[in-house]
Amino acid sequence: MGDTNGHRPGGRASAGRGAASAAVRSGMEAQLLELVGDVCGLLDIAELRVGLLDALHRVLPSRFVSLNDIGPGPRDVVALVRPDSTPELFERWARHAHENPLLAHYQRTLEGRAMRFSDVCTAEQLHSLALYREVYEPMGVEYQMAFTLPAGSQRVLAIALSRGDRDYSDRERDFADRARPFLIQAYLNALAYGAARAGGDGAGIDGAGAGSAEALLLEPLLAAGLTRREAQSLRLVALGRSNQHIAQALGISHRTVGKHLERSFRKLGVGDRSSAAGRAWELARSVPPGQRE
């Protein structure tokens, strides 16, 4: 029943919750734009690594933010953490890093989307690890969220955010997933820029130029059952392009891009852009080196 003014009970409360939800969404959109703006102009790879850590810490406040930039060679690894940890803790981490439940999940699934400790293990399972007892507990870390930025089949940048007071929320995890395609593109741009400055031809992704990187994505998508236009559209999503940019690049309408992506998502069994981009890179990593263009 309505009240004497014809309003439903709780109507004002519902409107208030709706306004609050809209304000939260607006705030997250502003944070996403801020994050993209902070990193998109960082073309030097060393500057990008540091700038990315600082930008993520601002939009997803954490006790520690770390990254591992892993290249094709056994020595092509750069590890950074903010704030700095002690050499002793770093040595312990290196000894037990393979126990990390998020790393184990990634190695098992090759899923690069943002995942939390609480998504893949219980608190009891985490606390039973030597990694927790010797590294995370002394650091005051109880919660962690991690995701990857792939750049071909042999290079990936892995990012981990850690806290001690509260878990990362679903909204924060979704925010990381929404930001991920833009961060992938910033990473690819920095690698290509570094190769160009070194006198190469835009190499940086498995030793290939930017054109080869796009071909690396295209052929596996075609093999997965996508039409050429669907594969071309999804390839550009995996490289961080917006629908508007895809439409301009392919000479088709914004609406047609949406249709191509809708069918692509269905064929790949995914529901959003971040998942689709992750799946595209997974398929690219599955191509044997001798079969790449």
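Select residues 254-268, which form helix α12 in this predicted model.

Keep α12 on screen and colour its buried residues: Val257, His260, Leu261, Ser264, Phe265 and Leu268. Now look down the axis of α12: these buried residues fall within an arc of 135 degrees, so they line one face of the helix. An α-helix has 3.6 residues a turn, so residues three or four places apart point the same way.

Turn to the face of α12 that points away from the buried side. Which exposed residues does this face carry? They are Arg255 and Arg266.

Next, step just past the end of α12 and select Gly269, where phi is positive, at about 70 degrees.

Move to helix α2, residues 45-59. Select the buried residues of α2: Leu48, Arg49, Gly51, Leu52, Leu53, Ala55, Leu56 and Val59.

What caps the N-terminal end of α2? Select Asp44 together with Ala46: a side-chain oxygen of Asp44 lies 3.1 Å from the backbone nitrogen of Ala46.

Finally, zoom out to the whole protein. There are 13 helices and five strands to find. Of the 293 residues, 44% are buried. Among contacts between residues at least 6 apart in sequence, 62% join residues at least 24 apart. Show the surface: the protein exposes about 14800 Å², and carbon and sulfur atoms supply 53% of that area.

Note on methods:
Residues numbered from 1 in each chain as written. Predicted model: local features only at pLDDT ≥ 70, side-chain atom pairs only at ≥ 80, totals over all residues. Heavy atoms only, no water. Helix = DSSP H or I, 4+ residues; strand = E, 2+ residues; numbered from the N terminus. Expected span 1.5 Å × (residues − 1). Buried < 20%, exposed > 50% of the residue type's maximum accessible area, 1.4 Å probe, protein only. Arc of directions from axis to C-beta. Contact = heavy atoms within 4.5 Å. Areas by Shrake-Rupley, 256 points an atom, 1.4 Å probe, with all protein chains shown as cover. Polar contact = N/O pair within 3.5 Å; in protein donor to acceptor, adjacent residues only side chain to side chain.
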